[in-house]
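This report goes through one structure, from a single side chain to the contact between chains. The sequence and coordinates follow.

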2 protein chains.
Amino acid sequence: MTALIDSRRRLLGLGACAFAFAAAGSAWAADTVSRNNAIRAVAFDAFPIFNPERAFAIVRGLFPDHRDLPGLWFQKVFSDTWLRTSARRYVTFDEILAESLDHVAASVSAPLGGAARNEILTAFSALDLWPDVRDRLGQLKAAGLQLVVLSNMSEAMLRANMARNGVTEFFDAVLSTDAVQAFKPTPEAYAMAMHRLQLEKEEILFAPFAAWDAAGAAWFGYPTAWVNRGKQRAEPGAPDVRVGADLGVVVEAARG
Amino acid sequence: MTALIDSRRRLLGLGACAFAFAAAGSAWAADTVSRNNAIRAVAFDAFPIFNPERAFAIVRGLFPDHRDLPGLWFQKVFSDTWLRTSARRYVTFDEILAESLDHVAASVSAPLGGAARNEILTAFSALDLWPDVRDRLGQLKAAGLQLVVLSNMSEAMLRANMARNGVTEFFDAVLSTDAVQAFKPTPEAYAMAMHRLQLEKEEILFAPFAAWDAAGAAWFGYPTAWVNRGKQRAEPGAPDVRVGADLGVVVEAARG
């Protein structure tokens with residue numbers, strides 16, 4: 001795996017890195033994706049598309065003495081999804097977001113008022129696109145690929161972000177793991193794209209944001225193009241996958 | 001749940017707190033456990049019995065500029081067990097310990113040499129007892145309770161620690177989740193004690209060390225006496241359980 005910039009902040013999650021996406025675009029920038037491989041669809045995690053920074057900025061504004069709170073929060077969010085999936089005690093991702101925010105805020109003695117809490121959580125339905133997204137989605141659609149989102153977020157949250165940014169029409173399906181009551185990286189969660197698209201694993205390119213989702217998608221068996229905007233270190237034991245700093249890596253992988 | 005001392009270090013795991021057990025013993029200190037409830041056995045996690053500080057001290061000695069490395073390490077250790085259990089990509093706990101140690105060391109730009117790595121990992125088979133353990137195990141045995149350990153650690157590691165500290169004879173079984181290839185908090189892992197002891201859930205008192213294990217055991221349905229030596233904050237959504245700073249809480253809960 002590519003050696004990535006590393007620091008303790010990186011380990012602590014994506015929050016510290018939300019603005020760290022590379023300014024440099026992909027070297028390959030043709031207008032369409034001329035494909036010579038088996039890929040027929042791309043399944044995106046939500047965060048390669050939608051930038052969570054809007055929510056993190058509110059957290060940092062409310063707690064200026066705890067700059068690492070967004071990173072701690074998202075580390076807790078995802079470890080809670082795995083803990084609850086292991087225990088088979090599913091709750092919705094909205095509940096995970098809220099519970100873990102309260103938990104980390106209290107842990108740094110920065111308890112939240114109800115209005116602030118609501119403002120932060122509401123921001124997850126009003127995220128912005130990363131700047132490269134619209135053009136890259138257009139390239140992928142022009143190449144005849146089906147595009148879906150496959151996320152832990154609720155379908156309502158995903159659709160709100162799509163509608164707000166005018167990208168709904170790019171996507172052939174919106175798949176929330178809520179439908180299987182098991183978060184990624186369970187096989188049941190990843191398999192949702194195969195079932196909806198009626199395609200084989202090797203025909204679906206998965207585009208994760210987080211190191212753990214890159215490991216999970218590759219373990220499941222999807223060809224994987226890791227959109228590592230946060231310059232995260234690969235998970236221990238993760239299969240080697242294609243990795244890049246923006247959606248250029250997805251276009252390149254789809255091209256074959 | 002009892003309000004516990006909280007700080008960011010607490011959130012980051014047990015490492016920072018390994019020496020933080022309360023000096024005050026249990027208020028109840030009879031020679032035997034006179035029981036008037038249904039409890040017939042106690043299933044202990046390993047860490048209420050064995051203090052991981054020996055391994056953490058080596059880490060801190062090797063990396064004096066990274067005092068929080070033990071906490072980061074153990075946070076990564078357990079989130080990796082849940083991630084891999086969710087993905088159904090089991091590896092042994094020994095492998096998790098090693099991989100996650102390499103990962104966090106590299107993340108703080110403090111890479112490990114092979115000898116240092118081996119010294120740290122070997123220490124997990126040569127841990128000391130917490131000071132209250134021997135007397136409390138004696139009380140529980142004198143009350144006619146069966147005692148087992150049910151841990152993510154390998155059986156070899158558990159037996160080495162028992163033999164080294166002369167407590168093997170207190171335990172009726174040594175249960176490693178390696179036997180079911182699924183870490184706690186899976187139901188399969190917790191159920192090992194029921195199967196081995198041929199007892200019902202309500203007859204087995206579970207004694208966890210970590211907040212996540214207290215949540216997991218209680219979610220599974222075991223009566224739970226949380227030996228919260230690290231003064232960890234309860235997990236979001238965890239059932240309310242009995243909690244104390246040392247094995248006194250186990251004796252009290254067994255007493256009914």
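## Surroundings of A:S100

Beyond its neighbours within four places in sequence, A:S100 is in contact with A:W73, A:K76, A:V77 and A:D80. The coordinates come from a predicted model.

Is A:S100 buried or exposed? Its relative accessible area is 0%; because the cut-off for buried is under 20%, A:S100 counts as buried. The side chain of A:S100 also reaches the backbone oxygen of A:L97, at 3.3 Å.

## Helix α2 of chain B

Helix α2 of chain B covers residues 53-62. Its buried residues are B:E53, B:A55, B:F56, B:I58, B:V59 and B:R60. In an α-helix there are 3.6 residues a turn, so positions three or four places apart point the same way.

Which elements do the buried residues of α2(B) pack against? They pack against β2 (50-51), α3 (69-87) and α5 (114-123), which belong to chain B as well.

## Relation of the two chains

In terms of contacts, 37 residues of chain A touch 37 residues of chain B.

## Make-up of the interface

About 3600 Å² is buried between chain A and chain B, and carbon and sulfur atoms give 60% of that area. The rule finds four salt bridges across the interface. One of them joins A:E188 to B:R88, with the closest N and O atoms 2.9 Å apart. There are also 15 residue pairs in polar contact between the chains, both residues being at pLDDT 80 or more.

The most comes from α3(A), with 11 residues. Sorted by class, this side of chain A has 15 nonpolar, 10 polar and 12 charged residues.

How values were computed:
Residues are numbered from 1 along each chain as its sequence is written. Chains are lettered from A and ligands numbered from 1 in the order in which they are written. This is a predicted model: local features need pLDDT of at least 70, side-chain atom pairs count only at pLDDT 80 or more; totals for chains, interfaces and linings use all residues. Side-chain values use heavy atoms; hydrogens and water are left out. Contact means heavy atoms within 4.5 Å. Buried area is the accessible area (1.4 Å probe) that two parts lose on being put together, summed over both. A salt bridge is a side-chain nitrogen of Lys or Arg within 4 Å of a carboxyl oxygen of Asp or Glu. A polar contact is a pair of N or O atoms within 3.5 Å; within protein, one must be able to donate a hydrogen and the other to accept it, and residues adjacent in sequence count only if both atoms are side-chain atoms. Helices (H or I, at least four residues) and strands (E, at least two) are DSSP runs, numbered from the N terminus. Ala, Val, Leu, Ile, Met, Phe, Trp, Tyr, Cys and Pro count as nonpolar, Asp, Glu, Lys and Arg as charged, and the others, Gly among them, as polar. Buried means under 20% relative accessible area, exposed over 50%, partly exposed in between (1.4 Å probe, protein chains only).
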